[in-house]
Amino acid sequence: MSIIVTGAAGFIGMHLAERLLARGESVIGVDDFNAYYDPALKAARAARLEALPGFRMVRADVADHEAFVALVKDAGADRIVHLAAQAGVRYSLDNPFAYERANLAGQLSVLEAARHAGTVRHLVYASSSSVYGERPVGGGGFREDDAAVEPVSLYAATKRSAELMSHAYARLYSLPLTGLRFFTVYGPWGRPDMAYYGFTRAILAGEPIRVFGEGKMARDFTYVDDIIHGIIGALDLPPAPGENRILNIGDDRPVGLMDMIAMLERLLGREAVKIMQPMQPGDVTATHADISRLNALTGYRPKVMLEDGLARFVDWYRDFEAARD
């Protein structure tokens, strides 16, 4: 049987597919290679996967529900990891309908495929820490049973809506579903729209960086290898049919934004020129995951400290950019 990974040319999707292939799984990747950020980076990720035995890439939009249902049926896939989404809080301010299609229609399409295929024994899908809304620095870890009813961005609202649709489908059609609330994933092959990536590029280019929230924000930065360990742990332990299980997947050690920038400065050997700016609409002050539920289920415990993970990213970034020159 095969596993379908949507968003396979994306950051987390590529790393997940690589790990699944390494343990002997057959993986079908699905991605539409949209231009939200540099398609060349997505193509490079896809090329890494296509060089590996047991992998097949399908260029398709998961929101095209008839085509996606047919793909899952034809493949006889028994597991789906749905990572494809329109990410980014700030982008949603200018392009709201991209989130309607990718995060709402896309989620519904995947749920319909799981319903009709007749072979899917576990669907794992990506949610987000953004669903929790605002909490000040030092406010403690978010728990899965905390209320998630006051989103402060359209992105967050679509991710919470996807969770609610999944709850309904699990109950109606006895599907075993797991929603993973990701907390600020970083690492090699990452997304250029993420702060650590953009800061690295700007610092090396001698350009100023914009520091939102006057630098008073904190994030639960989670290294991608730790995230992949958690995804696979959850994937291998499906809930009972009819359950939509929600799990935080983060690091539970939030780091201040200015501390992260200081780490990058040390690693790059340059001081950043900082332009301090107020909080952007849709941003939250802090994220902090309570990961006790995922730990109890799988033994999940992140191992990579932020400065070590950033060092690995910086090494990758230098090599990747040198190869492109």
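This is a predicted model: local features need pLDDT of at least 70, side-chain atom pairs count only at pLDDT 80 or more; totals for chains, interfaces and linings use all residues.
Let's start with helix α3, residues 65–75. Which of its residues are buried? Phe-68, Val-69, Leu-71 and Val-72. Around the axis they cover an arc of only 160 degrees, so they sit on the same side of α3. Now turn to the other side of the helix. There, Glu-66 and Asp-74 are exposed.

What covers the buried residues of α3? The cover includes four strands: β1 at 2–6, β2 at 26–31, β3 at 55–59 and β4 at 79–82. It also includes a helix, α4, at 96–117. One detail just after α3: Gly-76 has a positive phi, about 65 degrees.

Next, another pair of helices. α1 spans residues 11–22, and α2 spans residues 39–50. Their axes are 10 Å apart, and the packing angle is about 5 degrees. That angle makes α1 roughly parallel to α2, because anything under 35 degrees counts as such. Who meets whom? From α1 come Phe-11, Met-14, Ala-17, Glu-18 and Leu-21. From α2 come Arg-45, Arg-48 and Leu-49.

On to the cores. In soluble globular proteins, nonpolar side chains tend to be buried together. Here, the largest nonpolar core has 75 residues. Which residues have the most contacts inside it? Ile-12, Leu-16, Phe-182, Tyr-196, Ile-231 and Met-260. Take Phe-182. Set aside its neighbours within four places in sequence, and Phe-182 is in contact with Ile-12, Leu-83, Ala-126, Ile-227, Ile-231 and Ile-249, among others. Its contacts also include a run of serines: Ser-127, Ser-128 and Ser-129. There is a second, separate core of 25 residues. Ile-28, Ala-117, Leu-123 and Tyr-169 are among its members.

Last stop: His-122. This residue is found in strand β5, residues 122–128. Is His-122 buried or exposed? Its relative accessible area is 1%, so His-122 is buried. What do its side-chain polar atoms meet? One partner is Thr-178: a polar contact of 2.8 Å joins the two side chains. Another is the backbone oxygen of Leu-235, which lies 3.0 Å from a polar atom of the His-122 side chain.

Beyond four places in sequence, its contacts include Asp-78, Arg-79 and Ile-80.

Definitions and conventions:
Residues are numbered from 1 along each chain as its sequence is written. Side-chain values use heavy atoms; hydrogens and water are left out. Buried means under 20% relative accessible area, exposed over 50%, partly exposed in between (1.4 Å probe, protein chains only). Helices (H or I, at least four residues) and strands (E, at least two) are DSSP runs, numbered from the N terminus. The arc is that of the directions from the helix axis to the C-beta atoms. Contact means heavy atoms within 4.5 Å. A nonpolar core is a set of buried Ala, Val, Leu, Ile, Met, Phe, Trp, Tyr and Cys residues joined through side-chain atoms within 4.5 Å. A polar contact is a pair of N or O atoms within 3.5 Å; within protein, one must be able to donate a hydrogen and the other to accept it, and residues adjacent in sequence count only if both atoms are side-chain atoms. Axes are lines fitted to C-alpha atoms, for helices over the stretch in contact, and angles run from 0 to 180 degrees between N-to-C directions. Angles under 35 degrees count as roughly parallel, over 145 as roughly antiparallel, 65 to 115 as roughly perpendicular and the rest as oblique.
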